[in-house]
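Please look over the sequence and the model shown here before reading the briefing that follows.

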Amino acid sequence: MNFPILSSLILLPLIGAVFLFFTKSRNENNITLKYVALFTSLVNFFLSIYLWFLFDQTTSEFQFVEDRIWIEGLINYKVGVDGISILFIILTTFITPLCIISVNNSISDRLNEFLIAILIMETFMIGVFCSLDLVVFYLFFEAGLIPMFLIIGIWGGSRRVYSAFKFFLFTLLGSVLMLVAIISIYWITGTTDVVKLYEIGVDTKYQNLLWLAFFSSFAVKTPMWPVHTWLPDAHVEAPTAGSVLLAAILLKMAGYGFIRFSLGLFPTASEVFTPLIYTLSVIAIIFTSLIALMQEDMKKLIAYSSVAHMGFVTLGIFTIQQQGIEGSIIQMISHGLVSAALFLCVGVVYDRMHSRLINTYGGIVSIVPKYSVLFMIFTLAALGLPGTSGFVGEFLILMAAFKDNFLVAVLASLGVIIGAAYMLWLYKRVIFGKLINSDLNKMIDLNKSEIFILSCLAIPTLYFGFYPDPLINTIEVSISDLIDNYNFNIVSKP
Amino acid sequence: MSNIELVFPEIFISLSIMFLLILGVFKKNSSKIIQNVSLLILLITAVITFNETLSDKQITLFNESVIIDYLSSFMKIVTLLAAFIVLLISSNYLRTFKIFKIEYPILILSSVLGMMIMISSNDLIVFYMGLELQSLALYVLASFDRDKLKSSEAGLKYFVLSALSSGLLLYGCSLIYGFTGSTNFNVIANQFNTNEYAITFGIVFVLVGLAFKISAVPFHMWAPDVYEGSPTSVTLFFTIVPKIAALTVFIRFLFVPFLNLIEQWQMILVFLSIASMLFGAIAAIGQKNLKRLIAYSSISHVGYALAGLATGSNDGIQSSVIYITIYIIMNLGFFSCLLMMKRNNVYYEQIDDLSGLSKNHPMLSLSLLIILFSLAGIPPLAGFFAKFYIFKSVIEQSMYFLAIVGLLATVVAAFYYLRIIKIMYFDKEKESYDKDHSLWLKFSLTFSTLIILLYFIFPSQLVDAVSKINII
């Protein structure tokens, strides 16, 4: 394996962005620009599929590792994948081209810059998922703020400035503490290399504080209750492609961080703080589901449902059982597909009617039948109907939770019911009922590219719902190894 | 006197100043020639310094009152190059205000000479002489646009307050001399008795004077007014060049004679650092004028540089030097943008004047965007690495409180940098600015932006260059 496949994955979108930057065609050649960006991201997607093909599922070792000296004696540029990270990389490379296709006339202004921002974002997101050095991870993790801030701020809705600032400052505030923790780890252990840190471990007496510092960053990013308030704002104001990236991938960074760093590096502290995570997760699931029930704005409703779904993810991760963590990862992948699709669905009707309010719509089933079908698939996937990927994740998480803590599991199950309520109610109010608003008659059904995007998302949703084995096989060994390592640390260092 | 070639840069620059003065007197309309010759002199001096003195050896001259080591040579080169670029990009601005006179480059040269003496000083008297030489030149520079009320006010304000702080500093020096019997740093280091409280008093007074020169809170009051009132090109000079020299003296004064008293001055530095970081970040939020804003921003950046010194370790010194170097590059870029905001011979310097800049000037606003994110310390830009090194050395000494306060201050500071970005990118556009900027201005902006943007590819170079600094 001499070909640096991971670095190519990281760099390709960046090269595409630089190429776009020097393409001077402004208004006439919008299509060309889009094709350039699409081509770049598609090449990246196929490269990542090839990576999955080469990936050895029988080992939990990091694969395709590249290790280069970056700052002499301090930081190495080290990347690699294991079963946990590879799925997120594929999710990223899968969602990005769809985002680029979905960019349509709604973003006519500065299309070039928008595509550049999305491609740079892809670079940073892939970087987050494959970096094996804490400083490199932090670099990619934080750098993503810049393009996202601009995406929300330049191409967003009416309250975009407020939302962009809130997003940026919340996330930055959470992350600076993680930087302190990373530097402290360097001074405590003498390295920031994740693989070495897994071997030597972090001294138990420091773990609690370090865990909290990492938690502060991941909790904002996940987002967990009560620091989730930036998310609805950011989602509502961001343009459709921005919301999709935010929901599908950015939120997963934190879930990934919890598994990779919180569990992997600080097992003792994770054990200590599990009740805290349980509490916050259950509050997030029930509380934000109830909030979602009352929303009048479709995007806001989906944003709150994201918080609830991420509550399941954190719950599953900290059950620290095979099913729980597997469920969390599948839930994250599924949420990546489903929430992306739901935001695109909202984007579709918003482009036509310029309203996101639920009461604008109603009774459109006979006007836009294709849309109604696809929207239904994703609604059902979001509420976790068996046969969709949403079910597999939630089921595994709840199973693990029942083994660990009965009360938490019961409360979380209650959240599933409320989740079904708000999603079905949303669907009913938008699609069925009487046609009150006569403007809706002029609505045009999905065009080809929209059908293509939504089908691309629907197929894996259903496929993994019936047959999640490809996912589970990929992650299984890595997770069982992680849990063995975790239990070993708990037992050996009480 | 066998090592006279080591002070050749200083000798060369002082002879050149005299030559230029005479040239200016006898030749009419010679400002353009003098400008170009001064640029050449700065460059030549930098080359001489690089060739003759840049080595790991530590050599003292003139009865140990002047020291030439890696730190001094490095800082001199940075000073000279920074002054070179300032002079290079300021000519159009000066022409617009009809203050393109022979005195301008000569004053800059004299203050640079003063700074070089400060940087090399190993003796309180030499240090004070250098300090006064550079300050006198700076007073005149601040009020260089003398027909403008604000510029004269800036000069006067700077003069009065600076004289006061020099007085305090001198009093501190006399206390130190009185209780140790020497003004030489090395002699003081060997002689004093740590139980003598008067020495602590002396240190405090000198620190106050120095803190004034680098505008650390609570001795920062002059900075916003002077920065706002002075001509923009002079403000650029103020924000970057004197800070290098003052920081070097800070390092030399604290770490050579008084390292044993670290528990006395460490607290003061921690306080100065925290106060500067927080105050600079909070006070900048309400500003409307870009020059005032950058004054507060520079106060806060000085706080970070001092945080490195407060660690009292060699790593800390190196991280401060790295910080100030990257800070200089960022500020050069920022002011290049400011000097480009010109329309019909009027320079604009309010934040609102940036409104919608990205529509009319995509490249200018993109550069400014990169510079501002870097000033805010967002990775992967150079500003992040500067802060990273500082916090690395701070945490090494287990000063977690300082590190956390500093990082929280970056979040506050991020707010006002974001506000500028918001105005540039999210707001409605105004009339566009002139586009026919001088080549050098464009060069300086491109140069600094590219360094900031691409620093992450070659981060080791600067660290290597600085790693030879060895004071303790």
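**Briefing on the predicted model**

In this predicted model, 24 of the 24 residues of H10(B) are buried, so this helix is largely enclosed by the rest of the structure; a residue is buried if 20 or more other C-beta atoms, placed from the backbone, lie within 10 Å of its own. Local features need pLDDT of at least 70 and side-chain atom pairs count only at pLDDT 80 or more, while totals for chains, interfaces and linings use all residues. Residues are numbered from 1 along each chain as its sequence is written, and chains are lettered from A in the order in which they are written.

**Helix H10 of chain B**

- The 24 residues of H10(B), residues 232–255, should span 34 Å at 1.5 Å a residue, and the end C-alpha atoms are 35 Å apart, which agrees; the expected span is 1.5 Å times one less than the number of residues.
- H10(B) bends by about 30° at B:Lys243, the bend being the angle between axes fitted to the seven residues ending there and the seven starting there.

**The hairpin of chain A**

- E1(A) and E2(A) pair in the antiparallel sense over six bridges, where pairing requires that DSSP finds at least two bridges between two strands.
- Three residues lie between the two strands of this hairpin, and A:Gly73 in the turn has a positive phi of about 70°.
- Five of the seven residues of E2(A), residues 75–81, are buried, so this strand is largely enclosed by the rest of the structure.

**Contact between the chains**

- In chain A, 25 residues are in contact with 23 residues of chain B, contact meaning that C-beta atoms, placed from the backbone, lie within 7 Å.
- H7(A) gives the most to the side of chain A that touches chain B, with 13 residues.

Technical notes:
Two residues are in contact if their C-beta atoms, placed from the backbone, lie within 7 Å. Helices (H or I, at least four residues) and strands (E, at least two) are DSSP runs, numbered from the N terminus. A residue is buried if 20 or more other C-beta atoms lie within 10 Å of its own, exposed if 12 or fewer, and partly exposed in between; C-beta atoms are placed from the backbone.
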